[in-house]
Amino acid sequence: MIRLLRKAWAFLERDLRAETSYRLSFLLQIGGMLFSVLAFYFMTKMIDPDTPGLDGIPPFQWMLIGLSFQFYFSTALYSFSQKIRNEQMLGTLEAMLVSPTPTAMVIFSSASWDFVYGGLRVGLYLLFAVLLFGVEIHTSSLPTVALGVLLTLLSSAGLGILSASFILYFKRGDPINLLLSSLTTFFGSVFFPVENLPESVRFISDYLPITWSLRVVRGALLKGESFATLQYDLLQLGILTAILLPAGIFFSRFAIRRAKREGTLVHY
Amino acid sequence: MSYAVEGLGIEKSFVRKRSLGQLLRDPFGRAERVHALRGVDLQVGDGEIFGLLGPNGAGKTTLLKILSCLVLPDKGQARILGVDTADEDRVKPQLGLVTTDERSFYWRLSGRENMRFFSILYDVPSDRRMARIDELLERVGLTEAADQRFSDYSAGMKQRLSIARSLLHDPPVLLMDEPTRSLDPAASLELRAFVKDELKARDRKTIILATHNLPEAEALCDRLAILIKGKIRQEGSVDAVRAFGLETHGYELEVDRWPGDFSGPAQVHKTESIPDGTLVQLSLTDGAELGDLLSALMHAGVAVRRCDRHESDLEEAFTRILDAEEPDDSAKPGGSGRQTGGAV
């Protein structure tokens, strides 16, 4: 276990070194985030705070959480497949796969920096909101938030691994990402409450982990709701995690084996 | 006898990608398969440098990928130190791979940072990691450039770093895929010397060297296999492979004159006038000895000033093997189409 953690850390360290070698780009990204928070602040001033589904949360805060977690889900969806594709194109994937590190470990760890960076971005969005616009964060519910974030991380990783398996198998296309990204943005209560959609299609949101993640995080962080109040949402998120993560791992094993048999594991 | 590397009837085919036109004409048709390896048997002894030669598309890289656990064979088995390559947890620690791909490192990181990253993947114990990296960088002559970005390295330096990486976990078996392909002649010679003096003589590594470069194979390898269209067509010591297709030894004679009607036990291939004489290249006819030829020349009144055995080089032998008809496997069930020459 320690050996595996050390390896995961090595990937993180590698990407941190590479990222910080592009210092200007790093700073520009942070500047870009600040401007997007500002834009959202003024844009949400146009939204009626009594819109159904906002649950009494001011539109700016409601959408800020949606925006930051949507980014996190997108990271999960795209990072595994993009990293694998990049490593294939760079020629480094072969060098890693001949090492005694398990193939699945190489695939999962390749995206570890993106997850950490995604978490940092969520934290930065919230920090800007607190410092610039006086958004109140309920720190008493942080353990519930932490549990929600953990389940979000695992469920999104499950989706991401499924998507990476797809790219290992088909090499290009990556239609799962496009489909899930669109579904998440549209039905996941990211930019508008699902209550605004026609009733006949609202059920789709129940099958998306981001719906439950956002309910937990918005409820706990912005309204200070307790674990007991949010346990149903946490349970739903837990069930989706229990399905998506093993499914991702199962399909990744299948895809790796298949790619080895087809001789396409290190090709792009 | 156990071998460091063994291949037992390895077969591998790949699906050939269909063009848009083919897909439109026959959308549900079965994709054609390309046979990359067709029953490859291979035995490489401990501490041996074994050359894998063949034209482009012969299957050399596919064979190396199977040996390095990156590709699974369709049929047959590959073994490293007696362990099937399907058991990659046990095989990978025994293997190091050196490729010609300069891109297989992180260009924004230094040589040392790259080595550190890969040393963790190769399970080098943390208490010995930095010492091992320093030792290897020194052995490949990169100590001074260790903290430079990889992108600033020359082709030769990149290849040396690739060798250093393959040695991180001190594997007994090294697979080298055209390691000198992108190097200039001086860097190639330097690398050859390193392989021979350090990896073979000092470390006693077993090395499989896939190469197009025949002089390199001749200089480095103990034994060779010529792979053509997925089959090993010739295998053996360098001398044995060189002698392929030569029914009898060729000779080069320097004589005072060459009688046009000479009827001795020789087949003349070439005559060339030189100052005060003639240079003749010939081979002996079936069953004849060199003494028979020399006696016949004496009787014909020819003065022989010099007589050398004409050695065929690997390049000539390679051409002969390529030109030779492919043995018919159907004639002998289970035949691999391989001809073995010399002691194995």
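Student: Is B:Cys69 buried or exposed?

Tutor: Buried means under 20% relative accessible area, exposed over 50%, and partly exposed in between, with a 1.4 Å probe and protein chains only. B:Cys69 has 4% relative accessibility, so B:Cys69 counts as buried. B:Cys221, at 8% relative accessibility, counts as buried too. This is a predicted model, in which local features need pLDDT of at least 70 and side-chain atom pairs count only at pLDDT 80 or more, while totals for chains, interfaces and linings use all residues. Residues are numbered from 1 along each chain as its sequence is written, chains are lettered from A in the order in which they are written, and side-chain values use heavy atoms, leaving out hydrogens and water.

Student: How many disulfides are there over all chains?

Tutor: A disulfide is a covalent bond between the sulfur atoms of two cysteines. The rule here asks for a pair of cysteine sulfur atoms within 2.5 Å. By this rule the count over all chains is 0.

Student: In what order do the strands of the open sheet in chain B lie?

Tutor: Strands are DSSP runs of E, at least two residues, numbered from the N terminus. Two strands pair if DSSP finds at least two bridges between them. In chain B, 4 strands form an open sheet in the order β2-β1-β4-β5, with antiparallel pairing. Its edge strands are β2 (33-44) and β5 (83-84), each pairing on one side only.

Student: How many bridges join β1 to β2(B)?

Tutor: Strand β1 (residues 5-15) of chain B is joined to β2(B) by 9 bridges. B:Ser13 stands opposite B:His35 in β2(B).
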